[in-house]
Amino acid sequence: MIDVGAAVALIVMLPSPASRLPMQDTTRGKAVYVKWCAGCHGDTGAGDGVAAAHMLPRPRNFTGGLYKIRTTASGQLPTDADLLRAIDEGLPGSAMPGWKGRLSDAERRSVLAYIKTFSSFFADTSQHVVPLKFSSPPGGGTGADALKVGRQFYDSIGCRKCHGDQGRGDGPSAPTLKDDADFPIFAADLHQNWRFRGGGAVEDIYRRLRTGLDGTPMPSFADLIDQKFLTDQELWRLAQYVRSLSPAAPPEVRDVVHAPQIPGTVPASPDDSTWARVARYWFPLVGQVIHKSRWFAPAVSGVWVQAVHDGKRLALRVSWDDRTESPDTAWLKFEQRILQTVAGDDSGSPPPQAEPWPDQLAVQFPRRLPEGSGGMERPYFLMGGATDPVYQWRWISRPRHAFAGLARGIERFDTLPGAPAGQATYDRGEWRLVLTRALATPDTANEVQLEAGRAIPLAFFAWDGSSGEHGSRMAVSTWYFLALDRPTPPGVFISPVLAMLVTLGLGLVVVRRAQRRGGARHIS
Amino acid sequence: MRKLGAVAATGAVLALALAAWTRQPPPPAQGGGTVSGKVKFTGTKPTMPKIDMTEEPKCKAKYQGVPTDETVVVNANGTLANVFVYVKSGLPASYTASAPAGPVTLDQDGCRYHPHVLGIQVGQTLAIKNSDGILHNIKAKAKANRPFNISQPTVMTSNKTFDKPEVMVALECNVHGWMHAWLAVLPHPFFGVSGADGSFTLKGLPPGTYTIEAWHEKYGTQTATVTVAGSETKTADFSFAAK
Ligand SMILES: [Cu+2]
């Protein structure tokens, strides 16, 4: 006779979908939701938690069952896998973090199940949630021919209307865009794929073209394949073109901007050919949320920085994506909607009136380089303090000029007589600015003296006037460093990158020797 | 033989009669009652903003002057156009209507929707046509139904259907911020839109007492109660005031 225990064991061992996945428990899901999610998404899932008013984009309102990132057709409910991906990975470019490392599998699945209870659509048996079948990307996607085809469709299906000619989200329709809840929404900057909500891989982009982003102005282009306006391959080419606008890998944040010494004089123009040969460094910016008025929706997400010197002068090139050459009256209504949507910290007072603010950029240094061996003492990164000022270069888009001064905190800025030279170009969604100054200046008390071979602290601040940014409403970075490389006699010259490669190469040689000696099979 | 024939004939008549008796309610075809009326407008006619179509020369070329927003269209005779009038309630619970085979067409022409306000039956095809040949996206911001947002970058037609009654579904184009239209999805064919003379007609109503609602995108809703019997025509006038 088979005993009961064995039978139970047999049943438990039988694979069934239910036993393979951790339980989806809405009671447990609710507990997780209340603890971790409700602060932004609200107790009733309406996307109206206490923190929501400060956010742009706003937290998802779960009650409509409407989701941006899906593998299903336009307007269809997402699959559980779609929702789990958003929970696990987060939504880049928004305040939604990934929860994979913070919550257990069971917690994440339970909260998923609970989130679905906010919308009656998930319980509606007439809703068929069917993921679309996606093809694989055709080869040659980074080649010139493929990208040319992609660009043709970028133009012919009207991507540029919102995303702009160069894909920086500055198209003619961009300032009118709103989401289904009437909040202002930005057309994605296609040069920053690491901020795409659904992922920046070419497969992700292709899927978004097929499915659209529900609740936003971004439509589905799937019909165009059915109606033979374009082929599936051509849609892939478009995705590949969009992918090509961003760097091959997300920018790595490094601490030091290296300024090589170049022969001749430093370039004063942002479009000088020299810049094509100089490494660029990415510095992320975040909203200024320390002092009033706080700003939670910074428009500039980061700056690309390049630097060169010629032994006498430094040229610093800062470029950043900005949808507008502010002030731009075409965006005044959009600015007003942003100011109405994103709450400041003086709640109760009405949102400020939109004004035609200019764009601004600041580069910050200490007045003097830190002294001593362990001397990395720097002024307060947020524009210094009353007794510990910082030296800043500032640039403003209208009237377009550069100047320098001492900042003593956010509120106080005293202009100095000496100013850096500034040249800027605005080109279809991008500012390119070059600031140049002599390494040594007469005013050694106030103006930082730039010396080769020293770690020169620097930080960045950016304002987009058309997003209502001015004063303390800005994007800020922390302290980084600028290093003016010493001239290297030819022959001895070895760049840090080269040095790294050499080291790596030597390492490989060592490994290969070890492999030969010990037998390759032991080294995987 | 003759007798047998007579029996057969009687049977057929009986069968027909039985069929007629069991089929309820009667089809809302030629017969039935009619509710018609006018939608008046009182007060000062608002000035609608001009639409700047400079970005779309193809659309701009379709107009003599400068097109204006269609949120409020007051007719020359002082009536209000684009008011959706429909039977909100009063049909017997057993009433069912199958969707007509033909589609309702919504045309995007001159970067505007034609018609601006329209009704459709549950399950009926909405044919969304792009006559402009420039990029429009059409987004249906449905709440009871599932929404959609599709791209139409060329002259083409896309078909959509709606499963559930919903008054109203907002339709919009995001490429052209001024483009919007309103779609009502109903489980019956008793609806109409006030036209260029402000009049509307609901035909083929089974006998009964109905709540008729008049809906306007800016001025909200008004209701009237109307009882119709047989094939009579009843009048229900509405009046919206400027605000
Ligand atoms: Cu349009």
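**Reading the labels**

Modeller: Let us begin with one pair in chain B: B:Glu172 and B:Lys139 form a salt bridge, and their closest N and O atoms are 3.8 Å apart. B:Glu172 belongs to strand E10 (residues 166-172) of chain B and B:Lys139 to strand E7 (residues 136-141) of chain B, so the pair ties together parts that are 33 residues apart in sequence. This is a predicted model, in which local features need pLDDT of at least 70 and side-chain atom pairs count only at pLDDT 80 or more, while totals for chains, interfaces and linings use all residues. Residues are numbered from 1 along each chain as its sequence is written, chains are lettered from A and ligands numbered from 1 in the order in which they are written, and side-chain values use heavy atoms, with hydrogens and water left out.

Colleague: Why is the pair of B:Glu172 and B:Lys139 called a salt bridge?

Modeller: The term asks for a side-chain nitrogen of Lys or Arg within 4 Å of a carboxyl oxygen of Asp or Glu. With a Lys, a Glu and a distance of 3.8 Å, the pair of B:Lys139 and B:Glu172 meets that rule. In general, side chains of opposite charge can pair when their charged atoms come close.

Colleague: Are B:Glu172 and B:Lys139 buried or exposed?

Modeller: Both B:Glu172 and B:Lys139 are buried, where buried means under 20% relative accessible area, exposed means over 50%, and partly exposed is in between (1.4 Å probe, protein chains only).

Colleague: What makes B:Glu213 buried, and how does B:Lys88 count?

Modeller: B:Glu213 has a relative accessible area of 6%, which is under 20%, and therefore counts as buried. B:Lys88 has 48%, which falls between 20% and 50%, so B:Lys88 is partly exposed. The side chains of B:Glu213 and B:Lys88 meet in a salt bridge at 3.1 Å, N to O. This pair links distant parts of the chain, with B:Glu213 in strand E14 (residues 208-216) of chain B and B:Lys88 in strand E2 (residues 84-89) of chain B, 125 residues apart.

Colleague: How do you know what counts as a strand, and how many helices and strands does chain B have?

Modeller: Helices (H or I, at least four residues) and strands (E, at least two) are DSSP runs, numbered from the N terminus. By that rule chain B has 2 helices and 17 strands, whereas chain A has 12 helices and 14 strands. Of the 243 residues of chain B, 48% count as buried, and of the 524 residues of chain A, 49% do.

Colleague: Why are A:Arg400 and A:Glu325 called partly exposed?

Modeller: A:Arg400 stands at 39% relative accessibility, between the two limits, and so counts as partly exposed. A:Glu325, at 33%, is partly exposed because that value also lies between the limits. Their side chains meet in a salt bridge (2.8 Å, N to O).

Colleague: Which residues are linked in a network of salt bridges?

Modeller: The network is in chain A, and its members include A:Arg151, A:Asp155, A:Arg160, A:Asp271 and A:Glu430. Over all chains, the count comes to 31 salt bridges.

Colleague: What makes two chains count as being in contact, and how many residues of chain A and chain B are involved?

Modeller: Contact means heavy atoms within 4.5 Å, and 34 residues of chain A are in contact with 24 residues of chain B. The two chains bury about 2,200 Å² between them, 49% of it on carbon and sulfur atoms; buried area is the accessible area (1.4 Å probe) that two parts lose on being put together, summed over both. A:Phe121, A:Lys161 and A:Asp180 supply 21% of the area that chain A buries against chain B, more than any other three residues.

Colleague: How many salt bridges does the rule find across the interface of chain A and chain B?

Modeller: The rule finds 3 salt bridges across that interface. A:Asp124 forms a salt bridge with B:Lys164, and the closest N and O atoms are 2.9 Å apart.
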